[in-house]
Amino acid sequence: MRTYILQRFIQMIIVMIVVMLVSFIIVELPPGDFLTTLSEQLTEQNVDPKVIDSTVEMYRARYGLGENWFIRFGKWAWSLMKGDMGYSMQHNRPASELMGERLSLTIWISIATLVFMFVVAVPIGMLSAIKQYSAWDHSFTFLALLGVSVPSFITALVFLLLSVTLLGATTVAGLFSPEYVTAEWSWAKFVDMLKHVWIILFIVGLGDTASTIRVMRARMLDTLGEPYIDTARMKGLSGAKIYFRHALRVAINPIISSIGLRFPQIISGSTIVAIVLTLPLIGPLLLDALLGEDVYLACSILVVLTLALVIGNFLADLALAWLDPRIRFES
Amino acid sequence: MNSPPDTDKVLDIRNLQVSFSSIAGTTRAVNGVSLNVRSGEIVGLVGESGCGKSVTIRSIVGLVPSPPALFEDGEIWLRTRRGMTETLSLYKNMKALRQIRGRDVSMIFQEPMRSVHPMMTIGQQITEGILEHEVVDPAEAYDRTVEMLDLVGLPSPPAQMNRYAHELSGGMRQRALIALALVCHPQLLLADEPTTALDVTIQAQILELIRDLRERMSMSVLLITHNMGVVANLADRISVMYLGRIMETGTVEEIFKEPAHPYTQGLLASMPSLFSQPKTHLQSLRGVVPELAMAPKGCVFADRCPHVMPICDETPPVVELRADHSAACWLYDDVEASQGPDAATAQPSHGGDSTLGDASQRVEVIPLTKTEPAADAAQKKLADSDTDQLQIENVALHYPILRGLLRRQVGTVRAVDGVDLSIRRGETLGLVGESGCGKTSVGRLVTRLVEPSAGRIRFGADGRLEEITHIPQKEMKGVRRSMGMVFQDPLSSLNARMNIRNIVGEPLMLHGMARGSAVDERVGELLEMVGLRAAHQSRFPHAFSGGQRQRIAIARALATEPSFLVADEPVSALDVSVQAQILNLLLTLQQQLNLSMLFIAHDIAVVRHVSDRIAVMYLGKIVELGNAREICVRPVHPYTEALLASIPLPMPGLATLQEMPKGDLPDPANPPTGCRFHTRCPYSQPICEQEEPRLVPFADAVDHFGACHFQDELHLQGVEEIGEIHGSAAAAGGEE
């Protein structure tokens, strides 16, 4: 078990290094850099070309933008390891400052979405399998297919429309009521957020919840058809014991191992929803940074998100190993 | 009808009728089955797959999901701790049914590999059963589980308690499952093909265990199997089932000595036994088990029966031939009245000429016109390589075991470890051994489907032997034209998305032997050669039955007119009657086309039936090599003896070898030192652990080799010798 954890840990570090490199290269790939964007902007504003040149030169010296890409990468990676996320050239603010609250909110909402997905999908999927072809099964099959097929931004738009036209709401979007948006964190602000957050969880998590219901149902059906379930039945066990003690722990396996994969899906899925509902999440910021070729901000966001993903995967693997003796013994 | 049976019966099924409804309509899978099991009795329920055996015994304990199943009629009386109980009526009362399961009646299943929960320890799974039915404290349940594990013969039971399924071999899992089933001392054990998925030596061990536990725990057993040998070995009484009906019921002696129903006779004749005349056609049943919906009216066996009469359109009566022997057949309807109990001896006129003494003997002996190549080749000796089609020398196949982050090599699996073999032109060499012994790897090596790690392979397409050990795949393509291969699973070895014309014709096009309509023509010829219709070219594999698919696979293998055929377990996935048909086909084709053949199988009886010579393989090595019949009469290696003794013969009461090989096949990554068999050998001596015996000629025999230190001293039991002790059969079978 210890070697297994160690192995996973080393793999995690390797993945992080590769991701840092790749994300840096991808952001660097498109022709031009921030300086071209900047000088274009300044030209449009009819700024004196001399001023433009000196400004550009200043930036170039400050960030070593003229130098070789691997030197830039090295500088960036080194400072990142020291905790310095770099400086957003677009916003003229430190990247960490920009990310700060948005990042923690994003991670918080993602985890909450995962929990929501788990708590809703697993019991529904399980019951659908146990009561296969019942009214319960049919209705949730219908709902799940609907949830899988409707994109989350449509759900978000429909939700916006309904709450404005039917409920006459004025503040439908956002994570906070207007009076709390800029306020300091307080108990009242937290409670206000809880009032708003459930609908976001629902919109963001709907697609994943729906597909998880289908996966859980299919897995449970497979597991219930296994010979060892017959063995359990022949012991005289009750239905509940068979379903929970024998079938559930086998059926739930792929759902746990997919948690690591769901995580980035939730973040990218929530980006569109966040744009529609103007939520202060990390997604829109990343999009912005990519469009503006704001290298350091974009890379920092990517790397932090990857770190979250890799840690999520690591935890999922640990959970699997704890659940399944076959994985434990393989190493 | 509705009264409980007498208390002597543990189980009494009366007129059970179970139907399944689907979109296609309703089919009756079990159609009026009556069956009973008395105290302490082992009853066998035999028949080919798809005959409703499993549905019948699963109905006893409510394991048939309903819907889609419909229980239309019948009663199932079971002796429980609360007295005789009708279990069909309990289906609505799950609680009462659950109290019976595991406590009064238990069940073991076909696939031990998949019947143990993968994520719970053995101990947890067994104690769970005790705690469900009895009020005991966990410590006592633990002790009883350990005791039970000991009783079923698992080594060091306390250690097994904490182990998981994947740490146990198939045989050990089945033992654990038997312990699980019997821990609450049920009176009846239902065993659904308990040994089908296991190796022959392990099968023999498990059968022995069931027999032993029946005595020690004084229980009854209802055993389902398709293997007549298994019931002959284990059962007291037998019911033969076909398409949802019981065809014949009787004591094991009566059924095997005087099988009355044509279906029973056919089943017995289809089995290649160790006494049959090798290389002759088995008298197989016509056709295959039809779909239930296609079953004939009246007697369901009518369309395959050799004695079919006009009256068979009506449902046959169940005729009491003796006190404990009945058959559902019109043949005995009139004789019953006139001749009384002696009716059993009245044989159908066609089969009348053969002796009644042993059913397995009643094979149609069709001597092959060609002289046996083995006989004259033996005089020429091995050195005469002109007659050899294939020679392999010291061939090995090693797989590295890679571990850790850096995939370091930590060991080697020696799948094949230095094998010498040769196959003469027109000869069939049988390669036999347990699963994991490397026999399939040998087949893949000689066809160069895997790269040999060492050694030489020489093959002569049509003349001189040429080295093919490391020739590039491009050249190998030319050689492959002379090689055909037939695989074990006819479904997965045929591409489901190609029609038969393309499957069989592909080798022709690949080798540029035919194009366009010439392919159709040749494919048609090939299909007719293997007994299919040429017109079926456009169909896809799923439209054919298992046996037909294997015929297609054979047609494909023979498309390029090869002179050499590798058949890797070609019949082990098939029902007995179909197995006989395919073996007959292979024998005919081999004779017609003068094929050399490497015939790989785990069943030494099947191998003996088709082979001229047999090589016995154990853990990557050949341990014995010789004339097929010779090896079975006078085995020189204890492993061969064990294989022979493990085959359950369709002869009730036959004493098998006293000392069965112990344990499982060792890990091929870490084979035992010295003689690899010494860990399981009953004759093991200190020297066997240290020195590895070489394959050397046995005594003064020209063509018989063994790899045992004591082969000249040991007198091992061959199978015909066992037969002589028994009497009747061997005399006819073992003429030398």
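Helix axes are lines fitted to C-alpha atoms over the stretch in contact, and angles run from 0 to 180 degrees between N-to-C directions. The model toured here is predicted: local features need pLDDT of at least 70, side-chain atom pairs count only at pLDDT 80 or more, and totals for chains, interfaces and linings use all residues. Residues are numbered from 1 along each chain as its sequence is written, while chains are lettered from A and ligands numbered from 1 in the order in which they are written.

**Chain A as a whole**

Select chain A. It contains 15 helices and two strands, where helices (H or I, at least four residues) and strands (E, at least two) are DSSP runs numbered from the N terminus. Along the principal axes, its C-alpha atoms fill a box of roughly 90 × 60 × 40 Å. Of the 331 residues in chain A, 29% are buried (20 or more other C-beta atoms within 10 Å of the residue's own, C-beta atoms being placed from the backbone).

**Helices α5 and α14 of chain A**

Next, select residues 95–130 and 295–323 of chain A, which are α5 and α14; their axes come within 11 Å and cross at roughly 30°. The two helices are therefore roughly parallel, a term for angles under 35 degrees. To inspect the contact (C-beta atoms, placed from the backbone, within 7 Å), display A:Ala95, A:Leu98, A:Met99, A:Leu103 and A:Ile107 of α5(A) with A:Tyr296, A:Leu297, A:Ser300, A:Ile301, A:Val304 and A:Ala308 of α14(A). By class, this contact has 10 nonpolar, one polar and no charged residues (Ala, Val, Leu, Ile, Met, Phe, Trp, Tyr, Cys and Pro count as nonpolar; Asp, Glu, Lys and Arg as charged; the others, Gly among them, as polar).

**The sheet of chain B**

Move to chain B, where eight strands form an open sheet of mixed pairing in the order β6-β7-β8-β3-β9-β10-β12-β11; strands pair if DSSP finds at least two bridges between them. B:Ile42 stands opposite B:Val221 in β8(B).

**Where the chains meet**

Finally, show both chains: the contact takes 26 residues from chain B and 20 residues from chain A. On the chain B side, elements giving two or more residues include α2 (94–100), α3 (112–115) and α7 (170–182). Helix α4(B) gives the most, with four residues. That side of chain B divides into 11 nonpolar, eight polar and seven charged residues.

Notes:
Parallel < 35°, antiparallel > 145°, perpendicular 65-115°, else oblique. Contact = placed C-beta atoms within 7 Å. Buried ≥ 20, exposed ≤ 12 C-beta atoms within 10 Å, placed from the backbone.
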